[in-house]
Amino acid sequence: NQKRQAAQEGISKHNRDALQEIELAPVQRKIEARSAEDSFTGFVRTLYFADTFLRDSSRHSPSLWAGTNGGTVYAFCLRIPPAERRMDEPVRAEQAKEIQLMHRAPVIGIIILDGQSTPLPEPLEVAHDLSKSPNMQGSHQLLVVSEEQLKVFTLPKVISKLKLKLTALEGSRVRKVAVANFVSSKTEHSENDLAVLTNQGDIQIISLPSLKIQARYPCIRKEDVSGIASCVFTRYGQGFYLISPSEFERFSLSPKWLVEPRSLVKALENRENCHGHSTSGTEKTSKKSNSIRESRQTTGEPGGDGK
């Protein structure tokens, strides 16, 4: 009886654990693969230049990456002649790699992370000491952002490492993506994350390189298609989007950089209105000074006429 009771308790515990795992597992939507016969699949959606390990892990070289509307990523190795021969010899591009995403969704962004999982800085900023030099010792990683998911590959061997399915989990599609540096408002801690704008108008902060959703904020109405299409991000977690053909709105995702009005500019009026305002202002000032003078006379404070 004791053995039977222990076995039943073990089975019930196993069933509870299995049920809990089923409840915690996210529900994924079924995403149909897109047709490869679409005439727009060859359109280039994004370009990205990077100095990375493209052919082998011992030498890094300049490269050009192109993402298409059909979910294909092409990597080209650039042969750049020395500066003294740039006018005589052309820059040559040789295709080195090709990646085809299975779901064939349009590629929105391409980002390469260095040996410390930090996005590669702009070469011109490094040359002028505006950014730190990238870590070229460890292996690099390639982040491909499509409309439906984010996927990380290893370099130079293109091996899938991890991915985040946004469309399958939430039903949303990526419209804009950018790397932003978030700085703590209380300490010196800072980190690089992804700012992702979806077709629902919300903005998600996703960690790098683990691809974990850190926060989600409603920003633009999902019916405002032009506002979503015009949205741009800054490198410090701020953004702008059009609310009309002649107006834009600014927002901030970082607690370090708050968006608040610090000044007020009034529209210029004609001279008559300005003269009228100045006269009324003078009258108000004189009345206020008279009332102060009268109060001083009553209380006997120094500085009044009843001194």
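Contact here means heavy atoms within 4.5 Å. This is a predicted model, in which local features need pLDDT of at least 70, side-chain atom pairs count only at pLDDT 80 or more, and totals for chains, interfaces and linings use all residues. Residues are numbered from 1 along each chain as its sequence is written, and side-chain values use heavy atoms, with hydrogens and water left out.

- Thr 46 lies in strand E1, residues 44-52 (strands are DSSP runs of E with at least two residues, numbered from the N terminus).
- Its relative accessible area is 13%, so Thr 46 is buried (under 20% relative accessible area, with a 1.4 Å probe and protein chains only).
- Apart from neighbours within four places in sequence, Thr 46 contacts Trp 65, Ala 66 and Gly 67, together with Val 107, Ile 108, Gly 109 and Ile 110.

**The sheet E13-E14-E15**

- An open sheet is formed by three strands in the order E13-E14-E15, with antiparallel pairing (two strands pair if DSSP finds at least two bridges between them).
- Strand E13 (232-233) and E15 are the edge strands, each pairing on one side only.

**Pairing within the sheet**

- Two bridges link E13 and E14 in the antiparallel sense, and Phe 233 has Gly 239 in E14 as its bridge partner.
- Strand E14 (residues 238-244) pairs with strand E15 (residues 247-252) over six bridges, also in the antiparallel sense.
- Opposite Tyr 241 stands Glu 249 of E15.

How values were computed
Helix = DSSP H or I, 4+ residues; strand = E, 2+ residues; numbered from the N terminus. Buried < 20%, exposed > 50% of the residue type's maximum accessible area, 1.4 Å probe, protein only.
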